[in-house]
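Visitor: Could you put the model up and walk me through some of its ring contacts and strands?
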Amino acid sequence: MDKNRLNISIAGKDISFETGKIARQANGAVYARTGDTVVFASACMSKTPSADTSFFPLRVDYQEKFSSAGKTLGGFIKREGKPSEKETLTSRLIDRPIRPLFPDGFYNEVQVLTYVFSYDSGHPPEPLAICACSAALLISDIPFTKPVGAVRVGMIDGEFIINPSLEEQQKSKLDLLLAGTKDAILMIEGYCDFLTEEQVIGAIEEGHKYIREICINLLDWANLVGKEKIVPVLSLPPQNLLSNIEEMIRGHLLAAYEVANKKERELLLSTIEGQVMEKFLPKEEEALYTSLEVKGAFSSVSAKILRTKILKEKRRCDFRSPEEIRHISIETSLLPRTHGSVLFTRGETQAIAVCTLGGESMGQRYEDLEGQGLRKFYLQYSFPPFSVGEVGRSGAPGRREVGHGKLAERALQAILPPEDSFPYTIRLESNITESNGSSSMASVCGGCIAMMDAGIPISRPVAGIAMGLILEGDAFVILSDILGIEDALGDMDFKVTGDADGITAFQMDIKIEGITPNIMKVALAQAKQGRIHILKKMLEVCPKSRETLSPFAPRIESLTIKPSKIATVIGPGGKMIRSIIEETGAEIDINDAGVINISSSNAESLEAAKKIILDLTAEIEIGKTYEGPITSIQPFGAFVKLPGMKDGLCHISEFDHKRIANMDDVAKEGDIVRVKVLDINDRGQIKLSRKALLAKPVSAGA
């Protein structure tokens, strides 16, 4: 048996890990496979700690090679470059569970690179990528000693499915990605169709059984093939420094934590930190400590005092109880020319949400290993530096903005109307204008109301809430609607969206290994009460979707034609559809199933395009009556234009009951006439009659 290879079976699906053959100069490298999906992960570490840094410099990047699915990127540039949205989100999924497992004070730069080298369309790579990265770190000499496992959990017909295929995912009411150690869950990313809290807990517990199995096997394998771990140089503040700083500032910090206003509190904390730096880093004499040690000690003391205050007093910086939600203010139709808008304010967190409706051309196009696609619903989240009163980077969205936007988007996806009844593309923007925690959940609430303000017939409104945790030993406090400082100094960030009857999305990041199933149940129950409270406030302002769309929104109608008629509408080289667009000003989208969406802000334009398309695709039937212009007068009769751009002949004998000597005496080109189809011969020639629709003249002797 090859010790460099590990084979395990998870819920009947085989997973293999291999090392020692590829990338042997990396600190750790693993080639992982399930089915024909192959993920490669490498882990490297700098030899010395980064200078002047107070955070762990971990960089995680995930990339999908298009060659893995036998494809090449579209467009001019035929190589992978800027990460796609999916690659960015997967990089975050890998980072979140492994980051808490590095030792405190470890500041060597660590880089984890992950590539999908083979993809079989049946085994999604995300859970395998997390496992591969964990394995690469575990067998390396990097001080990462606990394996992390990951699984995806689906639910079909009430039964949980572990690591479902793509086909199974499409039938599933749940898409849950879990990661954790043998003893605890560290990361949750879940989306579902209004599942209950009990069902969510059941899915987490089911997934953790298999994570435990993965972790046990990876640890046994690492003991066989792993390198000896380095003894890291840890930049931790000395205990006497911690004691001295706490003695100096304890009273000042307690006073600062009694200030409800974020900016005033931050100013006080900054002043206190300055006093600490001045005392322990004197300019006139040689300091006993480094700047990093003093800053680290100040942060540790600040966290300890705030956490103890909350645990003992069950009272927060803004005087709320643990279960209390901040004041909520909602103003709909904020922006006069948008299709739907709202200003949503919860405490010192605020979002302007905007909804825009359009045709298929407004959809967000993307390309991944499955091929090219189009999203007709998407949410874009922006977090400018002024929202926290700072000067900072502005431009393309960062990883955090992409992640928050996708969470809010998928939380709202469950309430969209069916496309056949509402064929619009829906774009939501969440512009964060103030932030003091829970801005992604403000995006869910604001996005929901903006859609209702736009007149979108959503199935049911939903709200979102962010929960926190302070845990010391067996004592814990769950915090509803957390502040930024509670997120930074707390142990958990748990976001939940839905309504009183079910959950649509949930995301959890945990900084410690101590979250029990009981704590999670308490958090979910408390989140439900908070969600109901927020939803009630939303419905007081906007009880239901508007009856009509904004006058500035385009109107869209859908037609369905036979697929065989698609070429007729498009025309050679797109000539026909371009001419319809130019003539009417409407926007026209057609898919391979024959569904045509016509959109225009002008009702006359929409009707004109609709009529042309119906005429082009109409089927002429014997015995039916049609109306059309005379296109040509001949001695033997008149040609009449029919739907479908077809001409039929109304013979002179079928034009009237009376005898006609000359067609020019009774008709001219352009006259609109009603005719009945008498026959269609084998060559497609159409025989018409106007006479058949005229009343017979009464004879003189009658």
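Guide: What follows is a short chat about aromatic contacts and strand pairing in this structure. This is a predicted model, in which local features need pLDDT of at least 70 and side-chain atom pairs count only at pLDDT 80 or more, while totals for chains, interfaces and linings use all residues. Residues are numbered from 1 along each chain as its sequence is written, and side-chain values use heavy atoms, with hydrogens and water left out.

Visitor: OK, how many aromatic pairs are there?
Guide: The structure holds 11 aromatic pairs, where rings of Phe, Tyr and Trp (its six-membered ring) pair if their centres lie within 6.5 Å, and planes under 30 degrees apart count as stacked, over 60 as edge-to-face and the rest as tilted. One of them joins phenylalanine 102 and phenylalanine 144, a tilted pair at 5.2 Å centre to centre with 55° between the planes.

Visitor: And what does that pair tie together?
Guide: Phenylalanine 102 lies in the loop between α1 (85-98) and β6 (108-118), and phenylalanine 144 in the loop between α2 (126-139) and β7 (149-156), so the pair ties together parts that are 42 residues apart in sequence. Helices (H or I, at least four residues) and strands (E, at least two) are DSSP runs here, numbered from the N terminus.

Visitor: Is phenylalanine 144 buried or exposed?
Guide: Phenylalanine 144 is buried at 0% relative accessibility, and phenylalanine 102 is buried too, at 5%; buried means under 20% relative accessible area, exposed over 50% and partly exposed in between, with a 1.4 Å probe and protein chains only.

Visitor: Which residues do ring pairs link into a cluster?
Guide: The cluster consists of Phe56, Phe102, Phe106 and Phe144.

Visitor: Switching to strands, how covered is β3?
Guide: Strand β3 (residues 28-34) is mostly covered, with 5 of its 7 residues buried.

Visitor: What does β3 pair with?
Guide: β3 pairs with strand β2 (residues 13-18) in the antiparallel sense over 3 bridges, and 7 bridges join β3 to strand β4 (residues 37-49), again antiparallel; two strands pair if DSSP finds at least two bridges between them. Tyrosine 31 in β3 is the bridge partner of glutamate 18, and in β4 the bridge partner of tyrosine 31 is phenylalanine 40.

Visitor: What about the turn between β3 and β4?
Guide: These two strands form a hairpin with 2 residues between them, and glycine 35 in the turn has a positive phi of about 60°. β7 and β8 also form a hairpin with 2 residues between them, where aspartate 157 in the turn has a positive phi of about 55°.
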